[in-house]
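Biologist: I would like to go through this model with you. Could you show it first, and then take my questions one at a time?

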Amino acid sequence: MYTPTSSVGVRINREQPPAKLRDLARQAEDAGLDELWLVEDCFWAAGVATVATALAVTSTIKVGIGVLPAVARNPAIAAMEVAALAELHPDRLIAGFGHGVASWMRQIGAYPASPLAALEETLLAVRRLLAGERVSMDGLHVHLDEVELVFPPASPPPLVAGVRRPKSLAVAGAAADGTILAEPAPPEYVRTALAGIAPGRAAEGAPAHHAVVTYNWLALGDRERARLTVAESLTPGSRVQVEGLPFAGELLALLDSASTVDDLAAGLRPEWIDRLAVCGDVDTCAAAVRALHEAGSGSVVLLPLPEEPPERGIEDAARVASAVRG
């Protein structure tokens, strides 16, 4: 069971070429970070291949796929891939699935009739296959006829869902072991998400059976380094992630009125960036991570800024993790 309570991890961003992955994964493990996460975005490096490589060159750090588009692979094939990784690297894999970016899924001809059904059915099918069951399913999206893995893993990995909206959060609560909240994920959004994942439990933090992973940009030392990156992450789809902030009205008005990302970045107040990223000196960053843990995020994943050397980002994340642990 995946039940982190105060983990600190780092994400290797998609902008890094695959040739650098081995060294970056080793650096993250050697730095003492709890988790390493990789993404699968179209049309960058593929998630299963990169996660397999990261697992192969490390020995202790947990490695997460954050996330595979549920509709880009047949769930039986996805289960085969996840099962092999879990068996080769026991208790170190975290397998994430999500809807996939709608425009990308349409671009590859994989956009489903019902994204909610596709995600839920995929999670349920993959879970049952990993448990060694023989699965038949005739759903809206998933169609399996007596499928059974020859090599189900002895220890099935946790399945987490990368989602953000209320209906999708409810699917995650019902069908996944955890939820990944994309950047920006301030404490207010963690609490709001928990209310959708496990109604009535938000004030108590994440339920014992369901882990919450949060992504947030890291700018150790100077918040201004994060300004443009934070602005780029404030898409129309991220509105739900900022609605609980005390300055939400002003921020959403700016989001509606800004004609370009540069205009949006210029309008961000410094104190807003402080809440939309983990930034400042080491102690301030550590306090921000602790606040996320207290809000119910068992795993806080720090994202190096895309334009900066990834080695620096991993080093900075490790410094913050050390300060969090005291």
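Modeller: Start with Pro184, which is found in the loop between β8 and α7. Bear in mind that this model is predicted.

Biologist: Which residue is joined to Pro184 by a cis peptide bond?

Modeller: Most peptide bonds are trans. The bond here is cis, with omega at about -5°. The partner of Pro184 is Glu183.

Biologist: Where does Phe43 lie, and what is omega for the cis peptide bond that joins Cys42 and Phe43?

Modeller: Phe43 lies in the loop between β2 and α2. The bond joining Cys42 and Phe43 is cis. Its omega is about 5°.

Biologist: How many salt bridges does a search of the whole structure find?

Modeller: Side chains of opposite charge can pair when their charged atoms come close. A salt bridge needs a side-chain nitrogen of Lys or Arg within 4 Å of a carboxyl oxygen of Asp or Glu. Searching the whole structure gives 19.

Biologist: How many residues apart are Glu40 and Arg73?

Modeller: Glu40 and Arg73 form a salt bridge, with their closest N and O atoms 2.8 Å apart. Glu40 sits in the loop between β2 and α2, and Arg73 in the loop between β3 and α3. The pair links distant parts of the chain, and the separation is 33 residues.

Biologist: Why does Glu40 count as buried?

Modeller: Buried means under 20% relative accessible area. Glu40 counts as buried because its relative accessibility is 12%.

Biologist: Which helix holds Arg127?

Modeller: Arg127 meets Asp177 in a salt bridge, 3.3 Å from N to O. Asp177 is in the loop between α6 and β8, 50 residues apart from Arg127. The helix of Arg127 is α5.

Biologist: Which helices are tied together by Glu188 and Arg275?

Modeller: The side chains of Glu188 and Arg275 meet in a salt bridge, 2.0 Å from N to O. The two residues are 87 apart in sequence, so the pair ties together separate parts: helix α7 and helix α12.

Biologist: Is Glu188 buried or exposed?

Modeller: Anything under 20% relative accessible area is buried. Glu188 has 17%, so Glu188 is buried.

Biologist: Which residues form a negative surface patch, and which helix holds Glu232?

Modeller: The patch is formed by Glu232, Asp262, Asp263 and Glu307. Glu232 is partly exposed, at 46% relative accessibility. Its place is in helix α8.

Biologist: Which residues does His89 touch, not counting those up to four places away in sequence?

Modeller: His89 is found in the loop between α3 and β4. At 15% relative accessibility, His89 counts as buried. With residues up to four places away left out, His89 touches Ala52, Leu55 and Ala56.

Biologist: How far apart in space are Pro112 and Ala70, C-alpha to C-alpha?

Modeller: Pro112 is in the loop between α4 and α5. Pro112 is buried, with a relative accessible area of 9%. Pro112 and Ala70 are 42 residues apart in sequence, and their distance in space is 9.8 Å.

Biologist: Which strand holds Glu146, and what is its phi?

Modeller: Most residues other than glycine have a negative phi. Glu146 is not a glycine, yet its phi is positive. Glu146 lies in strand β6, and its phi is about 55°.

Methods: Residues are numbered from 1 along each chain as its sequence is written. This is a predicted model: local features need pLDDT of at least 70, side-chain atom pairs count only at pLDDT 80 or more; totals for chains, interfaces and linings use all residues. Side-chain values use heavy atoms; hydrogens and water are left out. Helices (H or I, at least four residues) and strands (E, at least two) are DSSP runs, numbered from the N terminus. Buried means under 20% relative accessible area, exposed over 50%, partly exposed in between (1.4 Å probe, protein chains only). Patches are made of residues with over 30% relative accessible area and no salt bridge: like charges are joined within 9 Å, nonpolar side chains (Val, Leu, Ile, Met, Phe, Trp, Tyr) within 5 Å. Accessible areas come from the Shrake-Rupley method with a 1.4 Å probe; for residues, only the protein chains shown count as cover. Lys and Arg count as positive and Asp and Glu as negative; His and the chain ends are not counted. The place of a charge is taken as NZ of Lys, CZ of Arg, CG of Asp or CD of Glu. Contact means heavy atoms within 4.5 Å.
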